[in-house]
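Here are some notes to read beside the structure. Keep the sequence open as you go.

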Amino acid sequence: MSQLPTRAAPFQLGNTGPQAADMAAKDLPDYCNEKVFRRNTLPPRSYNLDTARLSLNGQWNFHYASNPSKSPDPTANTSHAASEGWTTIQVPGHWQLQGHGRPHYTNVQYPFPVCPPMVPSENPTGTYSRSFFLPESFHDYQVRLRFDGVDSAYHVWLNKKEVGYAQGSRNPAEWDITKLLDTKGPNEVVVKVYQWSDGSYIEDQDQWWLSGIYRDVNLLFYERAGHIRDWFLRTDLDAEYKDAILHATIDVFTTVDLADLAVIVRTLPEEDTIAVVHQEVRSTGSIELSIPITNPKKWTAETPNLYLVEIQFNRLGGVPITFSAVVRQKIGFRKVELKNGLISVNGQPIQFRGVNRHDHHPVFGRAVPVDFIRKDLLLMKRHNINALRCSHYPSHPKLFDIADELGLWVIDEADLECHGFYDAVARPQDIPEEMDYEERKKLAFGKAAEYTSNNPNWKAAYLDRMEQMIHRDKNHPSIIIWSLGNEAFYGQNHKAMYTLATHLDPGRLVHYEGDAQAESADMYSFMYPTVDKLIELANTRGVKPDGTYQKPVILCEYAHAMGNGPGGLEDYQHAFRTHPRLQGGFIWEWANHGLFKRESDGKQYYAYGGDFGDTPNDGTFVMDGLVNSAHQPTPGLVELKKVFQPVAVTVEGDELVISNLYDFSDLNHLSATYKAEKLEIRESVVASGILNLPHIPAGKTVRVAIPEDVHVWRKRKDSHQPHVYLTISFALRMPTTWAALGHEVAWFQHHLFNGHSIGPHAEDGGWLSFETTRTEAVITGHGFTCVFDKTSGYITSWTHAGQKLLQPDPTTGAAIMPSFWRPPTDNDQALSVPYWKRFGVDTMTSQLRSVSVAGEDYYCVGENGKKIFRKVIVTSTVFLAPPVLDWGYHATITYTIEMSGNLSIAVTLKATGYAPEHVPRIGLNLCLPRQLDKVKWHGLGPGESYPDKRSAQRVGIWTAESVSELHTPYDVPQENGNRMGTRWVTIVNPYSGGSGLFAEPGIYGHGNRESGLDVPCNFAVSRYSTKTIQDAKHPCDLVEENATLLRLDHKVAGVGTAACGPGVREDLLVKVDREKEVKFAFNLGPWSEVDA
C-alpha cells in the first residue's frame, strides 16, 4: 500500500510589499511603480464637453511591439506613418480586436505571475501616432488634451516632447499642452500604451483583458483670460422634503479684475427660468453659492424630473469671455441619506431592483458606442429594472446622462479589484472552492489584503481612483452611492478611500462589500447567500439586543444569470418584500461578454475564455448575463421583468387585492385591462374590459371587485367545461422616455375555473389484432400499426394513415424510452453534473426482464378464428441502470393500444441499490419523424419554464410554426426549452393537412379522459440530441437530427444559480426515493388540424 501524502507545510506569504522595494524608485519604469500613476495631469474635474473642442477619434497610425524596448522612440526624427512595422488602427478601440495580440479572459486569477508592482518583461506595447492642425481661431486659447479611457498605462508625447504619464484604465486624464503646440504646422501626438502595469494588479475585474485607447480623445479649448474649471451642484431638501436649496461650488480661472458669475436654473423641457443668482468675481478660485428653490419637482428613479443649470462666466457688463465660459448641467432635486437605518431618498426608503453592468460590446469590447449604452438602459427600464451598479469601474461618462434622464438608481464604483491575490494565497493552501465562503475568507482574505489593500505603499493609488471617479461623475442625480471597488479584500486603504469620499461628497452614501462589518461603509453588502442565510444576516448582522439597527442590508451581487437561469428569483424578491431591512440587490449580471469571432471555415460565434488560445482562462464564466452577447433578452431577463414588476395582485373571495410596489409613484400612469379566456383547442375570450382602478399611492393596497362578467365563470360547477383563466394587464397610459404608449409594465393571471382539458381527441376506429414473433410484436388497427421490439421491450414504430408518428431512435433503437438525463445547464456544471455523473445518470442502460402482449374484449372472426380486440396491452419490465454501479430503476411500462388508435403509456419506477439522492428529470424520450414540425400546446408559454423559473410564462394556447422556434439559442449550448403546466401538445406536419401526433398527461392506469382528472406535465421538443447539445461549445456546433425529439416529463428539476451561488431549492429537485414507487402516464394519439 502506498503511503498517504503528508500534510503540506503551512503557507507562508512572501513579500507583500512591492517587490521593487529594495530598488531605487528611479530604477523602476513608471508602469512598475505603484507610487507613480499620474505625471503632469491637471486636477480631476466634472465631465463636460460643452467647451469648444476638436475630436481626435478616428484613424491613428499604430505600431505593435512585444515589449516596451521594441517599441518606437517617440522623440526620433522619423515619420511614424512611413516607418516599417506601422499600420493603422481605429480609436476608440482595442488593439486585440483589431488584429494585434489576443483577447484574454480571466475571472479571478491573474494571467501573469503575482509579484506586485512588477509586470512581465514581455509587456505588449502599442504606440499610437496622429497629427492635427490647430484651428487658427484657437491659437490664443489654453489647449488641453483629454483621454477618457486608456488600458492600462500610457506615456504621451507632443511634437517629440514628453507630455506626461497616466494609468487607471477607466479614469480620464487631461493635460495642458498649450506650450508644446506648433500653431503653424502639424502637431504630432504619440501615445505609448502598455498592456500591463502595476495598475493591472488592482484592475482584475471579471472581464476580458483588452488594451488600447478605447474611449474618446479630445482637444479642449479654453479662453486664457478666464474660464470655468469645475463645478459641483448639490441639492438639499428641507425637513418636509418639499423646498430645496441648490448649493453650487464653482471653480473659476480669471485674469481680469472684475467678472460676473451667473447661475441660472431652468425647468425642462420648457427651459423657463425659475432662479438667477449673480456673483462678482475678482480672482481665480472657488465660489460658493446657495440658491433656494420653492417646491421643485423631485428626482427619483420613478420620477426623473430634471432641471437645467446654466453657469455663465462673463466680464462685468455681460460680455461673454468665450464659449468655454458657459456650462449647461442637468440636475435633479433629491436628498440621499440613511434614515431609520435605511437607504432613503427624499425621506422614503427605497428598494433596489437592480443589475450589475460592465461596459461591453460584442465587436468593440469596452469601446461601447453611446447609442448601444442607451439601448441597454432602455431595455433595463422596459424590464422593470430600477437600479444599476457600475461593475466594477466607472462606466462610460455618457451612461450617467442617460440614467439621469430615464430614471435609474446608480452605484458608481471605483476602478478597483484585486481578486487574483486570493488565488495566490488560496492555491498553495489548497483551500477547496466548495468550502463555506465565510470560512475561505478567514483563511485567505487577510493575507491577500496585504499585497495592496492594506499596504501603505498603495494608498495614494487607491485614493486617486476614488477621487477621479467622484470628480468626474459628481453632478449626476442618478448616482446615489459611491462604491470603494469590488473584491479587493479590506484594508487601511479602503478606510482612507471612505474618508476621502465623505469629505469630497457628504451628500451620498458609500458602499463596499469587502467591508463585512460595515466599518467604513454605510450599508452591509453581501454576495450570493441563500435566501435563508440572507434573512439570517438581516436579523443578526449589526442588530442590537433591542432589535434595532443603524445600517441596511443589500445584495450587491445575487442570482448569477449564467445560461439557463437564474432560478429562484421569486424567493429573493419575497424576502425583500417581507423584510424591510433588505433593500434589494443587483443581479449578476446584465450581459454576456462574448466577442464575435469568425473562423477560417466560415463558422461564427461569440467567443469566451480559451477561444483565442488565451491561457490561463476561465472559460464560459464570462457568459453570465440576462442578455446575450448581442444584448438581446434571454429568458432570464423576461423572468426578471415579471418578478420585478411594481404591481402585485391576488384574489381574495370576490375581490382583487391590488398592491402598489412603487416607492414614490401612484398607479395613475397605468391603465388596467382584463380578459377571461376559455381554453379549448383554441382560446376564446368570454369576458373583457377596462378595470377601473381607484387612486393607489405608492406602497398602498386596495381591494377591487372582480368584474361581474368574469365572476360568473367562477360559479361554474360543471367539471366537463374547459379551463377558464383571468388575465389582467397593467400598461402605460402615455408614452415615456423609455417606452411607448401601451407598454405592459405588469400582469396577473388567475385560474378562474378548474375544468377539463378539451383538447385533441381521436374517434374510435375498427377492432385491433396483433401478431408476434420471437423478436417482434405488431399491433394493427384501422389505418394504423404499432411495432414493438420484444428483445428490448420498447415500441419502435407507430404509423397512422400512412404517416409515421414514431420512429426508432438511432442510438437506442427505441421510439419511446424512460430517461433521467438531459443536457446540463451552466448552473449544473459545478456541483450537479459531477454528482450525477458519479452515479452514471448520463450512461443509463436498459435490460429486459419480461415482455407480454395481451388483448382485451376479444371476438373470433374468419375461418381461422382470428381474434380481434378492443384493446391490446403490451407490458414490459426492464431494469434501467448505469454500468459499473449497483443501483437502478426497476421499470414496468404498460402500453395500452385502443381502437381509436390512441396509445397510453403507464410507467412504474422503483429505485434500488446505492442510488443518487436526485436526478435531472423523470420522463420519456420520444423519437418522431422530422416532418412533424408545427407545435401547439395548452400550458405555460410562450417561453421556456422550469420549477424555479416560470413566473414570466402565462397559461394559454400557444403555437410554434416550427420546432426550431422552441429552441432557446443560448450563447453556450445547454438544456433549454422545457415547458411546464402542459395539458396537451400536438406536433404535426404542416404540409400534410396538419396531421401528426397529440400527447397529454394521463392518470396511471387510466386514460386522462376516462378519469376526468387533469394533471399537467412538462414537454420539450428539439432538433438536437442531448449529446449534440452537451458536446457543442457554440451554437454553430449544433447539428440537427433527421428527427423531431420530444421529451414528455413527469418531473424536471429547477435550474438554480449554482454556477456562483445557491443551487436548486431542495423541494424543487427531482428526488430518488427508494421507499416509494414513481408512477406516471401519458396518452398519445393521431391528430389532424383539419378535424380540429
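1. A salt bridge is a side-chain nitrogen of Lys or Arg within 4 Å of a carboxyl oxygen of Asp or Glu. Arg465 and Asp415 form one, at 3.3 Å from N to O. The pair is 50 residues apart and links distant parts of the chain. Arg465 lies in helix H5, and Asp415 in the loop between strand S29 and helix H3. Helices (H or I, at least four residues) and strands (E, at least two) are DSSP runs, numbered from the N terminus.

2. This is a predicted model: local features need pLDDT of at least 70, side-chain atom pairs count only at pLDDT 80 or more, and totals for chains, interfaces and linings use all residues. Residues are numbered from 1 along each chain as its sequence is written, and side-chain values use heavy atoms, leaving out hydrogens and water.

3. Are the two partners buried or exposed? Buried means under 20% relative accessible area, exposed over 50%, partly exposed in between (1.4 Å probe, protein chains only). Arg465 is buried at 3%. Asp415 is buried at 0%.

4. Compare Lys603 and Asp1037, which meet in a salt bridge at 3.1 Å, N to O. They sit 434 residues apart, each in a loop. Lys603 is partly exposed at 34%. Asp1037 is partly exposed at 26%.

5. Now turn to helix H7, residues 531-540. Its buried residues are Val531, Leu534, Leu537 and Ala538.
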